[in-house]
Amino acid sequence: MTYHPKSDFMRVMIERGYLADCTDYQGLDEALAAGIVPAYIGYDATAASLHVGHLLNIMMLRHLQQTGHKPIVLMGGGTTKVGDPSFRSEERPLLGPEQIEANIAGMKQVFAKYLRFGEGPSDAILLDNAEWLDGLNYLEFLRDIGRHFSVNRMLSFESVKSRLDREQSLSFLEFNYMILQAYDFLELYRRHGCRLQMGGSDQWGNIINGIDLTRRVADAEVFGLTSPLLTTSDGRKMGKSAGGAIWLNAEMLSPYEFWQFWRNTTDADVGRFLRLYTELPLEECEHLGALQGANINAAKIRLANEVTALCHGDAAAAAAEATAREVFEKGGAGEDLPTLVLNAGEIGQGISLAQLFVRAGLAKSGKDAKRLIQEGGARLDDAPVSDPGQMLDAAALAQPVKLSAGKKRHALARLEG
């Protein structure tokens, strides 16, 4: 891309690699250079925490605020009741109001770490689209809003087409999601002067719908901007690991495990992740990302520390690094490791090593644990183990024992009390 931006925000988006596409580069850039632009990203409440897959867009909101603009965090309390069909092979399970409310409460905790909320011109605000969606009159909505949508055009969007091409059912409920998300943009423009919607590139069709609707109904100049959908250099979806999603809430994933995820970044991804997920200067990101051999490990530790400090605080990042040093360099147990707490009643006469590895989250199933142990990948207090059926009784677990799966995954197990 050869466009040279006038605004700080567009410059950051381009230089650090956040930008996949934009509806009008020059128009948006000029609006950003002219004054404060309120911009939003929507988050449906499908889980009790956001995960690393959301972090790219959270960082975009953070950069938006740091360059003088107003972030709007939109919770999908209304749209979650429908479910986004974009690029999904099947309909999402529908959640009840209580679950949606609980999920929103969990997700809200994350944004306070990355954004400054308040009443000022560039202070972030957090809204819930249930505020305007829950009370809609269906007939009025169809007449006033539905008439602006072409079904032919909606069917042409890749997110819908890919589902239909595979001859997988797309319910009328899901089809309405696009209209509701588009209506969000119109409402945010009316209520808060919002002029920009951002999201992952899988949201392009939904964003275009919102822009078209807002232009038609409110005659407003509004914009859309998307970020790339990230995969790691080995082809995995960003935010997933062998143990599942990398959650941003500490009660769902410990800061140590979060730190370890970033420490285990593959060499080829270090420079890119430093640019996207930290605020280190670009020159430093490029220098660290170009390191070779054993030196790249120092860059990975820097990456893990910077990202963990933003999400969980400086103290958590320092504690995670200290635990890692104790575990990897000194062979210690590391008190900050994920810990499985058992009680004497549940283990009875004892618990097998295979069960222990499953319960500690180091193996997905008993079969997986047996294979890990039989292939020599498991250790108990840093000593190799070979018998999946080996039993540990209450006496053996009176002191915490350290479980290791390979070189990088560790946990503690101990008896309660």
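**Figure 1. Ser122 in the loop between H4 and strand E4.** Ser122 is located in the loop that runs between H4 and strand E4 (125-128); helices (H or I, at least four residues) and strands (E, at least two) are DSSP runs, numbered from the N terminus. The model is predicted: local features require pLDDT of at least 70, side-chain atom pairs count only at pLDDT 80 or more, and totals for chains, interfaces and linings use all residues. Residues are numbered from 1 along each chain as its sequence is written, and side-chain values use heavy atoms, with hydrogens and water left out. With a relative accessibility of 16%, Ser122 counts as buried (buried, under 20% relative accessible area; exposed, over 50%; partly exposed, in between; 1.4 Å probe, protein chains only). When neighbours within four places in sequence are left aside, Ser122 is in contact with Gln65, Gly68, His69, Lys70, Pro71 and Arg116, contact meaning heavy atoms within 4.5 Å.

**Figure 2. Thr79 and its polar contact with Asp44.** Thr79 belongs to the loop between strand E3 (70-76) and helix H4 (97-114). Its relative accessible area is 2%, so Thr79 is buried. The side chains of Thr79 and Asp44 are joined by a polar contact of 2.7 Å. Such a contact is a pair of N or O atoms within 3.5 Å; within protein, one must be able to donate a hydrogen and the other to accept it, and residues adjacent in sequence count only if both atoms are side-chain atoms. Beyond the neighbours within four places in sequence, the contacts of Thr79 are Asp44, Asn129, Leu133, Tyr177, Leu180 and Asp184.

Figure 3. The structure holds one cavity of 30 Å³ or more, and the volume of the largest cavity is about 30 Å³. On a 1 Å grid over the protein atoms alone, a cavity is a set of points where a 1.4 Å probe fits but cannot get out, and lining residues have an atom within 4 Å of a point. Grid points are joined across faces, edges and corners, and a volume is the space filled by probe spheres set on the points. The lining consists of Tyr138, Phe141, Leu142, Gly146, Asn176 and Ile179. Helix H6 (residues 138-144) supplies the largest share of this lining, three residues. By class, four lining residues are nonpolar, two are polar and none is charged; Ala, Val, Leu, Ile, Met, Phe, Trp, Tyr, Cys and Pro count as nonpolar, Asp, Glu, Lys and Arg as charged, and the others, Gly among them, as polar.

Figure 4. Eight aromatic pairs are found in a search of the whole structure. Rings of Phe, Tyr and Trp (its six-membered ring) pair if their centres lie within 6.5 Å; planes under 30 degrees apart count as stacked, over 60 as edge-to-face and the rest as tilted. The ring centres of Phe141 and Tyr183 are 5.2 Å apart and the planes stand at 90°, so this pair is edge-to-face. The pair links distant parts of the chain, with Phe141 in helix H6 and Tyr183 in helix H10 (residues 177-192), 42 residues apart. Phe141 and Tyr183 are both buried. Trp262 and Tyr277 form a tilted aromatic pair, at 4.9 Å centre to centre and 55° between the planes. Because Trp262 lies in helix H12 (residues 255-263) and Tyr277 in helix H13 (residues 270-277), the pair ties together parts that are 15 residues apart in sequence. Trp262 and Tyr277 are both buried. One aromatic cluster is formed by Phe258, Phe261, Trp262, Phe273 and Tyr277.

Figure 5. Trp204 lies in helix H11 (residues 204-218) and, at 26% relative accessibility, counts as partly exposed. Apart from neighbours within four places in sequence, Trp204 is in contact with Asp21, Cys22, Thr23 and Thr226. The C-alpha atoms of Trp204 and Gly193 are separated by 21 Å, the two residues being eleven residues apart along the chain. Asp219 is in the loop between H11 and strand E6 (223-227). Asp219 is exposed, with a relative accessible area of 70%, and has a positive phi of about 55° although it is not a glycine.

**Figure 6. Ile373 in helix H19.** Ile373 is found in helix H19 (residues 366-374) and is buried, its relative accessible area being 1%. Not counting residues up to four places away in sequence, Ile373 touches Leu353, Ala354, Phe357, Ala378, Val385, Ser386, Asp387 and Pro388.

How values were computed:
On a 1 Å grid over the protein atoms alone, a cavity is a set of points where a 1.4 Å probe fits but cannot get out, and a pocket is an open set with protein on both sides within 12 Å along at least five of seven lines; lining residues have an atom within 4 Å of a point.
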